[in-house]
Every structure is written in structure tokens, then in C-alpha cells.
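Thank you all for coming; I would like to take you through one structure this morning, beginning with a single term and then moving from the overall picture to a few individual residues.

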Amino acid sequence: KTMWNPKAVEIMMGRNDEMSLKSLGTSYKTAADNIGIQNLAPVKIQDTLRQGGTFVFRGDKLLLEHYDSKVGDNCAIDDILRVL
């Protein structure tokens with residue numbers, strides 16, 4: 001799923017207030033106006049479907065490993081803080 005699927009938008013709306021969402025929209029518009037909408041997207045459109053994750057290490061030891069299964073499936077901050 002892409003960044004703007006209904007579930008992702010719902011999650012963004014749930015964790016941001018109106019002012020921060022307006023700021024995010026303004027930032028996207030400014031970027032698009034300054035460098036062009038085509039330059040905001042990767043060359044290969046399938047790269048927009050790539051998900052991220054969260055990894056916490058202490059030296060070489062992996063303390064936390066979380067793979068986002070979809071947009072908005074971020075690692076819980078409490079899980080990150082717990083391993084620190």
C-alpha cells in the first residue's frame with residue numbers, strides 16, 4: 001500500500017493535531033513547488049511501496065528489530081525505550 005492509503009491517513013490523523021498536519025501539507029507543497037512533483041517520487045514507482053523498520057543496536061548486539069508491514073506500522077516508542 002502507498003503512503004496515502006486510507007488506513008495510513010487514519011493513523012496520521014490519530015497521532016497529529018490539526019496544526020502539525022497543516023505543517024506537513026505545507027512542507028510537501030513547498031517541496032513540490034521548489035523541485036517539482038516528479039522529483040519527489042523515486043525513478044522506479046515500485047520503490048514507493050518499500051517499507052521501513054526500526055533497529056536498535058548496542059555495539060554489535062541487536063536489541064530491537066521491527067519491520068514495518070505497512071505505512072504507519074511503526075515500532076511503538078515504548079518498545080524502543082524498553083530496550084535502551
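When I speak of a contact today, I mean heavy atoms within 4.5 Å. Please also keep in mind throughout that what you see is a predicted model.

Let me begin with the overall layout. The secondary structure comes to four helices and two strands, and if you follow the chain from the N terminus, the elements run α-α-α-β-β-α. If we take the contacts with a separation of 6 or more, 32% of them are accounted for by residues 24 or more positions apart.

As for the surface, the accessible area of the protein comes to about 6700 Å², and 57% of that belongs to carbon and sulfur atoms. The charged side chains number 11 positive and 11 negative, with the centres of the two sets lying 2 Å apart.

Now to the strands, and to the aromatic residues in them. The structure holds one aromatic pair. Its members are Phe-55 and Tyr-67, whose ring centres are 5.2 Å apart and whose planes stand at 75 degrees, so the pair is edge-to-face. The pair links distant parts of the chain, since Phe-55 is in strand 1, residues 53-58, and Tyr-67 is in strand 2, twelve residues apart. How accessible are the two partners, Phe-55 and Tyr-67? Phe-55 is partly exposed, with a relative accessible area of 40%, whereas Tyr-67 counts as exposed because its relative accessibility is 55%, and the cut-off for exposed is over 50%.

Staying in strand 2, which covers residues 61-67, we find Leu-62. With its neighbours within four places in sequence set aside, which residues is Leu-62 in contact with? The answer is Val-56 and Phe-57. Leu-62 itself has a relative accessibility of 36% and therefore counts as partly exposed. For a sense of distance, Leu-62 and Gly-14 are 48 residues apart in sequence, and their C-alpha atoms are 31 Å apart in space.

Finally, let me turn to Leu-84, which is placed in the segment after helix 4, the helix that covers 77-83. Not counting residues up to four places away in sequence, Leu-84 touches Val-56 and Arg-58, so that Val-56 is named among the contacts of Leu-62 and also among those of Leu-84. Leu-84 counts as exposed, because its relative accessibility is 61%.

Terms used. Residues numbered from 1 in each chain as written. Predicted model: local features only at pLDDT ≥ 70, side-chain atom pairs only at ≥ 80, totals over all residues. Heavy atoms only, no water. Buried < 20%, exposed > 50% of the residue type's maximum accessible area, 1.4 Å probe, protein only. Areas by Shrake-Rupley, 256 points an atom, 1.4 Å probe, with all protein chains shown as cover. Lys, Arg positive; Asp, Glu negative; His and termini not counted. Charge placed at Lys NZ, Arg CZ, Asp CG, Glu CD. Phe/Tyr/Trp six-rings, centres within 6.5 Å; stacked < 30°, edge-to-face > 60°.
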